[in-house]
Amino acid sequence: MRRSLLLRLAWRQSLIRLLVLYAFAVALGLLLHQLAWVLLLATAGVAARAYWRLYRVSRFLDWRQQLQTVHGQGLWAALETLIFRRQTENRARSRRLVGLLRAYRQAATAMPDGALILNRRDNHLIWFNKSARRLLGLNYPQSLGQSFTDIVHAPAVKEWLAAGVTDDSLMDVASPVDENQRLSLRLIAYSGRQWLLVVRDVTQLMRLEQVRRDFVANVSHELRTPLTVVHGYLDMMEPADNPEWAPMVEEMRRQSQRMTQLVEDLLTLSRLEAQDHLPEESIGMASLLVTLRREAEAISQGRHEISVLDDAACDLFGSAKELHSAFSNLVSNAVRYTPNQGRVEVRFERTDNGGTRLSVKDSGYGIPAQHLPRITERFYRVSTSRSRESGGTGLGLSIVKHVLSLHQARLEIESEVGRGSTFACVFGPERTRPRNH
Ligand code: ADP
């Protein structure tokens with residue numbers, strides 16, 4: 001609004017000034033009897049002034065030339081005022097932006113975690129901070145333009161970057177500077193063309209994790225011998241000799257059996273955690289499914305309707321022992337958490353992408369939705385009493401999850417309270433093998 005008023009006033013002033021000038025020129029021309037010459041002179045003067053102001057304005061339009069003061073009134077002065085204002089605003093804005101950029105860079109540099117900006121297309125380094133230099137042994141500016149996979153050579157990193165996994169950190173990557181230094185990498189997709197990669201030193205965390213694992217494994221191992229001794233003595237006690245002790249002996253046997261099962265499950269978990277991969281082979285699924293049916297029938301003792309469907313017409317490639325134990329766990333859970341006369345269905349089928357899926361569906365108690373995210377944690381139970389009653393240790397699903405992750409497979413759980421649950425192990429196409437008849 002202010003600007004249009006300024007222009008309107010300037011326009012009026014310029015017009016009045018021009019009219020006054022020409023009126024004066026006409027009067028002078030008439031007085032001197034040289035009207036044409038005086039008018040020509042006046043026009044030349046107006047044109048010369050206009051060119052001079054035009055030259056001034058074009059100089060100011062050059063960014064490096066800051067307009068200092070605005071002279072006079074009229075259209076040219078208004079134009080200069082507008083340019084002056086625009087220039088001042090632009091300078092203030094760019095100063096603010098440069099300040100902001102500097103603050104961001106300083107914050108990113110001061111971060112204890114390594115931060116790198118990578119080109120999404122070829123993983124080339126565009127920028128990195130001081131911590132990234134220290135953690136990955138980078139040099140500035142030589143490392144710029146290098147591919148991240150040439151800096152950290154682990155094949156897992158290459159696969160992880162190619163897959164563009166943004167929802168999970170890649171844990172326990174050896175630093176290229178020091179083998180013993182362990183790093184975690186996290187990708188953040190903040191623009192269509194670039195990744196932000198955050199590198200964190202997790203050496204201490206990994207060490208503590210190892211201490212925890214060793215402790216659990218050692219305690220479980222140490223408990224094995226005394227438990228075997230107690231078990232042995234309990235087996236030697238004949239309830240018939242002391243009938244009044246019979247219920248106590250029975251309870252002691254049950255509890256020592258539970259402890260043995262707990263120790264065995266803890267040792268299985270420790271063993272799985274310590275392994276990167278398992279010995280693998282082609283697994284005859286037809287016979288494994290028969291075994292699973294037999295196991296389900298043994299636990300059910302005729303109290304459930306059990307069906308096994310083999311729709312995949314292919315086999316699996318992996319660790320026969322561990323996968324058998326994982327599937328057995330799911331089948332045993334399905335039977336244990338389904339009331340009498342319920343149904344349990346084991347189905348082995350192909351998925352759309354050429355992989356396979358082994359699902360165990362029951363018509364049992366179901367699991368409330370709020371428990372599902374934590375159900376695979378160790379010792380997590382929906383109902384502790386029901387788990388104990390049915391002889392559970394609370395470790396079964398943790399073991400299943402570990403076994404599946406060693407096979408790059410995932411566990412999918414669907415459940416509805418009162419209607420039943422489906423636990424499905426989903427394998428990628430690389431785990432499919434033709435069936436040998
Ligand atoms: P547990 O040895 O207690 O069965 P798991 O790790 O196998 O331990 O299972 C954890 C918990 O998940 C169980 O305590 C139970 O509450 C729940 N659960 C597992 N499978 C089923 C199922 N098929 N139906 C209902 N609840 C289940």
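Predicted model: local features only at pLDDT ≥ 70, side-chain atom pairs only at ≥ 80, totals over all residues.
The protein chain contains 12 helices and 13 strands. Its radius of gyration is 41 Å, well over the 22 Å that the globule rule gives for 437 residues, so the chain is more spread out than a compact globule. Along the principal axes, the C-alpha atoms fill a box of roughly 150 × 50 × 50 Å. Of the 437 residues, 36% are buried, and the chain exposes about 26,700 Å², with carbon and sulfur atoms supplying 57% of that area. Among contacts between residues at least 6 apart in sequence, 58% join residues at least 24 apart.

Turning to the sheet, five strands form an open arrangement in the order β7-β9-β10-β12-β11, with mixed pairing. The edges are β7 (305-310) and β11 (410-416), each of which pairs on one side only. On average, neighbouring strands of this sheet are turned by 10° against each other, direction ignored. Within the sheet, β10 (residues 356-362) and β12 (residues 420-427) run antiparallel and are joined by 6 bridges; Leu358 has Cys425 in β12 as its bridge partner. Helix α9 (residues 285-300) lies across β7, β9 (343-350) and β10, and runs at about 175° to β7.

The loop between α12 (396-406) and β11 holds His407. With a relative accessible area of 0%, this histidine falls under the 20% cut-off and is therefore buried. Leaving aside neighbours within four places in sequence, His407 is in contact with Leu278, Glu280, Phe317, Gly318, Ser319, Leu323, Phe427 and Arg431.

Terms used:
Residues numbered from 1 in each chain as written. Heavy atoms only, no water. Pairing = 2+ DSSP bridges. Helix = DSSP H or I, 4+ residues; strand = E, 2+ residues; numbered from the N terminus. Axes fitted to C-alpha atoms, helices over the stretch in contact; angles between N-to-C directions. Contact = heavy atoms within 4.5 Å. Buried < 20%, exposed > 50% of the residue type's maximum accessible area, 1.4 Å probe, protein only. Rg over C-alpha atoms; globule rule 2.2 N^0.38 Å. Areas by Shrake-Rupley, 256 points an atom, 1.4 Å probe, with all protein chains shown as cover.
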